[in-house]
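Hi,

Here is the model I said I would pass on.

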Amino acid sequence: MVKGLFSKLKDGLSKTRKGFVEKVENLVNFRTQIDEELYEELEEILIGADVGVTTTMNLLERIRKLVRERKIKDPKELTELLKEEIAAILKDESDDIVLNQEPKVIMVVGVNGVGKTTTIGKLAHRFQEEGKKVLLAAGDTFRAAAIDQLEVWAGRANVEIIKHSAGADAAAVAYDAIVAAKSRGADVVLVDTAGRLHTKTNLMTELSKVKRVMGKAMEDAPHEVLLVLDATTGQNALSQTKIFTEAVDITGVVLTKLDGTAKGGIVIAIASEMGVPIKLIGVGEKAEDLRDFDPEEFVEALFSK
Ligand SMILES: Nc1nc2c(ncn2[C@@H]2O[C@H](COP(=O)(O)OP(=O)(O)O)[C@@H](O)[C@H]2O)c(=O)[nH]1
Ligand SMILES: [Mg+2]
């Protein structure tokens with residue numbers, strides 16, 4: 001049998017499983033009682049895995065309460081409690097992307113290098129496989145290589161791309177793409193954007209302009225604004241979420257490079273502290289390494305042996 005999707009997810013999360021869940025298991029398996037010292041060590045492990053201070057404190061408070069209520073004495077039972085509580089946090093903050101507009105316009109934003117272009121390439125591949133008509137917009141006009149990179153993905157996925165030359169106005173590219181998508185009957189438009197600029201214009205000012213201009217090409221566009229965050233940047237991801245949310249009203253988060261970090265606890269911090277749903281996760285560089293974020297499956301993969 002070919003390797004199942006679940007086992008691929010498990011592979012993608014193996015560093016976090018080692019750096020986080022296995023540490024918790026080692027802790028609880030070698031203790032005879034649940035005491036303050038154990039809670040303190042658990043706190044250290046959670047913070048070390050980038051779960052974030054606030055979320056860690058909340059999680060521990062809930063676990064302490066459950067331990068009291070259920071009169072739990074055996075430390076080994078704490079792993080299951082932790083799993084339950086993490087699942088509860090994540091469940092509230094997940095949501096899928098639905099192609100319910102014609103075309104559905106998805107703007108992808110984030111700082112440089114987080115994986116925006118790669119995510120668009122992976123999404124293009126997925127939608128194409130589903131039989132959707134996809135159009136890409138090369139809205140990162142910062143340098144020619146960024147446009148070329150998107151073209152490579154467009155070629156691989158066999159989808160169309162709208163591009164201008166490097167240095168062109170990103171808002172104009174996005175506008176043209178939406179107009180083209182409407183006339184060609186596309187199902188989805190994926191708009192790439194820059195994570196940095198040549199001009200002194202603030203990136204946030206620029207992105208909100210691109211977004212506004214899209215609304216002129218199609219009412220209510222963009223229908224989704226996905227913020228891409230690199231899981232390996234840890235707590236920085238939280239401050240980026242704050243800044244981008246203020247500028248462009250994020251509808252969802254894509255968390256990339258989970259395969260490259262032992263600190264995947266950042267997923268929990270984002271879900272519990274940011275109030276934006278995590279829609280997709282990246283667990284590798286290939287087209288099939290982008291997955292819908294399914295909280296139950298995620299927690300199962302993370303805690304699986
Ligand atoms: N391991 C891994 N690498 C990724 C993932 N997503 C993106 N990358 C890599 O991150 C680098 C930057 O990606 P890119 O899409 O160019 O970022 P952008 O500047 O935001 O457009 C590339 O080398 C990608 O292959 C992921 O989920 N896992
Ligand atoms: Mg890019």
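A quick word on terms before the notes: I call a residue buried if 20 or more other C-beta atoms lie within 10 Å of its own, exposed if 12 or fewer, and partly exposed in between, with C-beta atoms placed from the backbone. Helices (H or I, at least four residues) and strands (E, at least two) are DSSP runs, numbered from the N terminus.

Keep in mind that this is a predicted model, so local features need pLDDT of at least 70 and side-chain atom pairs count only at pLDDT 80 or more, while totals for chains, interfaces and linings use all residues. Residues are numbered from 1 along each chain as its sequence is written, and chains are lettered from A and ligands numbered from 1 in the order in which they are written.

The sheet

Let me start with the sheet. It is open and mixed, with 8 strands in the order β3-β2-β4-β1-β5-β6-β7-β8; I take two strands as paired if DSSP finds at least two bridges between them. The edges belong to β3 (160-162) and β8 (290-292), each of which has a single partner strand, so one side of each is left without a neighbour in the sheet. On average, neighbouring strands are turned by 25° against each other, direction ignored. Helix α10 packs on this sheet, where it touches β1 (104-109), β5 (224-230) and β6, and its direction makes about 160° with that of β5. Contact here means C-beta atoms, placed from the backbone, within 7 Å; axes are lines fitted to C-alpha atoms, for helices over the stretch in contact, and angles run from 0 to 180 degrees between N-to-C directions.

On one side, β2 (residues 134-137) pairs with β4 (residues 188-191) in the parallel sense over 4 bridges: Val134 stands opposite Val188, and Ala137 has Val191 as its bridge partner. β2 also pairs with β3, again in the parallel sense, over 3 bridges, and there Leu136 stands opposite Ile161.

Helix α11

Next, α11 (residues 266-274), which is mostly covered, with 7 of its 9 residues buried. Those are Ile266, Val267, Ile268, Ala269, Ile270, Ala271 and Ser272. The cover includes α4 (53-69), α5 (77-92), α10 (236-248), β6 (252-256) and β7 (278-282). Gly275 follows the helix and has a positive phi, near 65°.

Around the ligand

There are 19 residues around ligand 1, and Gly115, Lys116, Thr117, Thr118 and Gly282 come nearest; a residue counts here if its C-beta atom, placed from the backbone, lies within 6 Å of the molecule. Helix α6 (residues 116-129) gives the most to this shell, with 3 residues. Sorted by class, the shell has 3 nonpolar, 11 polar and 5 charged residues. For those classes, Ala, Val, Leu, Ile, Met, Phe, Trp, Tyr, Cys and Pro count as nonpolar, Asp, Glu, Lys and Arg as charged, and the others, Gly among them, as polar.

Most residues other than glycine have a negative phi, and most peptide bonds are trans, but a few places here are worth a look. The Glu102 to Pro103 peptide bond is cis, with omega near -5°, and Pro103 is in the loop between α5 and β1. The bond from Ala221 to Pro222 is cis too, with omega near -5°; Pro222 is in the loop between α9 (203-217) and β5. That loop between α9 and β5 also holds Asp220, which has a positive phi of about 75° although it is not a glycine. Asp220 counts as exposed because it has 9 C-beta neighbours inside 10 Å. Lys257, in the loop between β6 and α11, has a positive phi of about 60° and is not a glycine either. Lys257, though, is buried, with 23 other C-beta atoms within 10 Å.

One last item, from the start of the chain. Leu5 is in helix α1 (residues 5-12) and is exposed, with 11 other C-beta atoms within 10 Å.

Cheers

How values were computed: Two residues are in contact if their C-beta atoms, placed from the backbone, lie within 7 Å.
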